[in-house]
Structures are given as C-alpha cells and as structure tokens.
Amino acid sequence: ILDGMDGRIARLTNTQSDFGVQYDSLSDMVSFGLAPALVMYQWSLFGFGKIGWMASFIYAAAAALRLARFNTQASSADKRFFQGLPSPAAAALIAGLMWLGDAYGLPDGTTVLFVALPITIAAGILMVSNIRYHSFKQFDLKGRVPFVAVLSVVLIFALIAVKPPLMLFSIALLYALSGPVMTLIALRKHRASRKS
C-alpha cells in the first residue's frame with residue numbers, strides 16, 4: 001500500500017524526479033526482492049541445500065529484472081496492465097506463505113519445503129514473464145465512488161481482519177494466478193475467433 005502511495009504523493013505534490021524514480025526502484029529491490037528471498041531461504045529453503053539457494057537467487061534476480069523492465073517501459077506501457085507479476089505482489093505471496101505457515105503451525109520439513117520451493121520459483125518466473133496483470137490504475141478515486149464499491153472495500157477489510165494470514169495469502173495467490181488464467185482465456189477466445 002505504501003509503495004503505491006509514494007508515487008502518487010510525488011505526482012500530487014509535483015515533486016517527482018528521475019532520482020526519485022531510481023531511488024524508489026532501489027528501495028523496491030531491497031523490500032520486494034532481496035528481503036523476501038533471504039527470509040524464505042532462512043524459513044524453509046535452506047533444507048534443500050543448493051537447490052533452495054538457487055530458488056531464492058532466481059526470485060531475487062527476477063525481482064531485479066522486473067524492476068529494470070518496469071522502469072524502461074514506464075512511459076510507453078498500457079497503464080491498465082503490468083507486464084509480469086508486480087514485485088510487491090510477488091513479495092506478498094512469499095511473505096503471506098511464511099505468515100500462514102507460522103500462524104497455523106505448518107509442519108516443518110518436507111511439507112513446507114515442497115510448497116515453498118515451487119511458490120518461490122513460480123513467483124520469480126511470473127515476475128519476468130510477459131503475462132499481463134491488472135494494475136487497477138483505471139479506478140478514478142477523484143470522482144464519485146459508487147456505494148457498492150465502498151461496501152466491497154469494507155467487506156474485504158472485515159474478511160482480512162477475521163484471519164489476516166489466510167486472507168492475505170489467499171488474495172496474493174489469487175492475484176498471482178489471475179494473470180495466467182486471464183491469458184489462457186484470451187488465448188482460447190483468440191483461437192475460437194480464428195476458427196470461425
């Protein structure tokens with residue numbers, strides 16, 4: 001949430017600069033790239049030895065590549081979509097898994113390892129993929145906001161408050177899966193239109 005606010009505040013106050021863009025990317029790399037990779041390695045991937053180290057490295061390197069690509073395409077890309085899983089969402093997926101595991105006492109050992117390893121690698125691959133994800137930047141919060149939208153936000157916060165680890169991990173997982181699912185639906189529609 002705060003990562004999204006800093007850019008908006010800079011634009012609202014007309015204080016954005018090239019230095020700020022680069023500094024924000026460096027902060028994002030540490031917050032959403034290195035920190036999740038290191039914490040996930042410490043939490044469970046060290047049990048896989050070099051394979052666990054490799055999974056953490058893939059995630060961190062993918063986060064760096066994702067941020068570099070975002071910076072180079074920021075002026076020309078369609079603002080409604082992100083190309084690849086955004087690094088804050090990938091970090092939320094990793095952190096959510098660890099929080100869920102800690103809160104519900106997921107068993108140590110192979111069960112956690114065989115969940116953590118594929119999720120870490122998949123999050124890294126999705127960050128550098130060409131799969132499109134909704135950016136939700138098309139929502140206009142300056143104009144009138146429908147009552148249903150306000151009610152939906154309140155209900156979402158209420159659901160999160162009931163079981164925060166489970167709900168936040170579920171939201172991050174659903175968002176991570178939304179890109180591939182929407183891509184498959186678009187490909188199926190495209191193939192159907194070519195046949196007819």
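The chain contains seven helices and two strands, and the model described here is a predicted one. Read from the N terminus onward, these elements follow the order α-α-α-β-α-α-β-α-α. The C-alpha trace spans about 50 × 50 × 40 Å along its principal axes, and 30% of the 196 residues of the chain count as buried.

- The C-alpha atoms of Ala-10 and Gly-20 are separated by 8.9 Å, and the two residues lie 10 residues apart along the chain.
- Asn-14 is found in the loop between H1 and H2, and it is exposed, with a relative accessible area of 61%.
- The backbone of Asn-14 has a positive phi of about 55°, although this residue is not a glycine. Most residues other than glycine have a negative phi.

**Aromatic pairs**

- A search of the whole structure finds five aromatic pairs, and two of them are described here.
- Phe-48 and Phe-114 form an edge-to-face pair, in which the ring centres lie 5.3 Å apart and the planes stand at 80° to each other.
- This pair links distant parts of the chain, 66 residues apart: Phe-48 sits in the loop between helix H2 (18–43) and helix H3 (50–73), whereas Phe-114 belongs to helix H5 (residues 110–128).
- Phe-48 counts as partly exposed, at 22% relative accessibility, while Phe-114 is exposed, with a relative accessible area of 54%.
- The rings of Trp-53 and Phe-57 form a stacked pair, because their planes meet at 5° and their centres are 5.7 Å apart; planes under 30 degrees apart count as stacked.
- Both Trp-53 and Phe-57 lie in helix H3, where they are four residues apart, or about one turn of the helix.
- Trp-53 counts as exposed because its relative accessibility is 54%, whereas Phe-57, at 49%, counts as partly exposed.

- Met-40 has its place in helix H2 and counts as buried, since its relative accessibility is 0%.
- Met-40 and Met-167 are 127 residues apart in sequence, and the separation from C-alpha to C-alpha is 19 Å in space.
- Leu-65 lies in helix H3 and counts as exposed, because its relative accessibility is 55%.
- Leu-65 and Met-29 are 36 residues apart in sequence, and their C-alpha atoms are 9.6 Å apart in space.

- Helix H7 covers residues 164–195, and Arg-194 is one of the residues within it.
- Arg-194 counts as exposed because its relative accessibility is 65%, and this residue takes part in a positive surface patch together with Arg-188, Arg-191 and Lys-195.
- Met-182 lies in helix H7 too, but counts as partly exposed, at 45% relative accessibility.
- The C-alpha atoms of Met-182 and His-134 are separated by 9.9 Å, although the two residues lie 48 residues apart along the chain.

Conventions
Residues are numbered from 1 along each chain as its sequence is written. This is a predicted model: local features need pLDDT of at least 70, side-chain atom pairs count only at pLDDT 80 or more; totals for chains, interfaces and linings use all residues. Side-chain values use heavy atoms; hydrogens and water are left out. Patches are made of residues with over 30% relative accessible area and no salt bridge: like charges are joined within 9 Å, nonpolar side chains (Val, Leu, Ile, Met, Phe, Trp, Tyr) within 5 Å. Accessible areas come from the Shrake-Rupley method with a 1.4 Å probe; for residues, only the protein chains shown count as cover. A salt bridge is a side-chain nitrogen of Lys or Arg within 4 Å of a carboxyl oxygen of Asp or Glu. Lys and Arg count as positive and Asp and Glu as negative; His and the chain ends are not counted. The place of a charge is taken as NZ of Lys, CZ of Arg, CG of Asp or CD of Glu. Buried means under 20% relative accessible area, exposed over 50%, partly exposed in between (1.4 Å probe, protein chains only). Rings of Phe, Tyr and Trp (its six-membered ring) pair if their centres lie within 6.5 Å; planes under 30 degrees apart count as stacked, over 60 as edge-to-face and the rest as tilted.
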